[in-house]
Amino acid sequence: MKSKPATLKEIADLLGVSISTVSRSLIDHPTISLVTRERVKKLAKKVNYRPNHSALSFRSGRTFTIGLILPDLSETFFSTAMTAIEEMAMANNYAVFVAQSMNVEAREIALVEKMIDLRVDGLLVALSKETQTFGHFSKLKDNGIPVVFFDRVPPYFSIHSVCCNIELATQQAVDFLLKKGHRRIGIINGPESLLSSTERKNGYIKALEGEKISLDPSLYTECDLTESSAEKAMDKLLALTERPSAVLAFNDYVAIYAIRKLRAQNIAAAESIDFVSFSNLSVLRFMDHRPVVTIEQSPALQGQTAMQILIELINSGYSRSGSEQRFRNVVLEGKLVLDK
């Protein structure tokens, strides 16, 4: 006859502690010492204890779920970040609800409402490229749900965030081109709504100013990150009487679209145009003509760091008032990866 699963009371009796201590140990509550937590977990595993999540959620006020809203999982950056987040969530006994805004602000707003309805314990967000208002995130605070933004973050500091130092990385990438002798450097930037687009523009201008080169507005273009928009931006640069000898692209995808456009037109000068971009996609190494430099933005590390902050916020007892909230803004350094 199959034996019944062990109960919290049985574990508590075996260890000589209270049921409350066992319950809190299993959710890594900070009021319980690390030694006690490890003892409880070790015995729980030995007796094959399986928690009653409904009861556990009722007692702890948690659902042991995390919400994750991403712009588009077809982008390798976000799928890589998601994998790292899910692995860390699993290690901390959390399940992850993953949703895609598909880069539409209205959809992002609806998803935030859905995450509140699901009573997630916390939310991780990379903003859509359309997002220009942020009022929908204030509802999370009203419901006692902490939120941590990563990669694509709102343009202010009264938030918890993890991102890459895009401005400095851009400056370093353009400096690299300048040292190679390039003086007409074009840029295909992203939508103005993205903070990272502003950071790229600032880094681009600072690098040029460092060599006392004035910004030529004709060399500055933008796209909405789609293939057709990136191609149009490249067409604009190619239509110039004096074409650029190098191009800074918003990310590897934009660079790929622009390079393919060049090659499709059989432009003999295509091989002579140097590209720099962001993301360091693995697919780049299979291209005949690829960026001379791409900037590693560490999606896995961004995801892990954001998740760690979120878990700490949940475990510390996130306050709805936020009156004494100390916001954490982690900025990672971008790494220039040279083509080999």
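How many helices and strands does the protein chain have? Colour the chain by secondary structure and you will find twelve helices and twelve strands, where helices (H or I, at least four residues) and strands (E, at least two) are DSSP runs numbered from the N terminus. The model is a predicted one, in which local features need pLDDT of at least 70 and side-chain atom pairs count only at pLDDT 80 or more, while totals for chains, interfaces and linings use all residues. Residues are numbered from 1 along each chain as its sequence is written, and side-chain values use heavy atoms, with hydrogens and water left out.

Among contacts with a separation of 6 or more, 73% join residues 24 or more positions apart, a contact being heavy atoms within 4.5 Å.

Now select Asn103, in the loop between β2 (95-100) and α6 (105-117). Although Asn103 is a residue other than glycine, its phi is positive, near 65 degrees, and its relative accessibility of 9% is why Asn103 counts as buried.

Move on to Asp151, in the loop between β4 (147-150) and β5 (160-164). Asp151, likewise not a glycine, has a positive phi of about 60 degrees, and Asp151 counts as buried because its relative accessibility is 17%.

Conventions
Buried means under 20% relative accessible area, exposed over 50%, partly exposed in between (1.4 Å probe, protein chains only).
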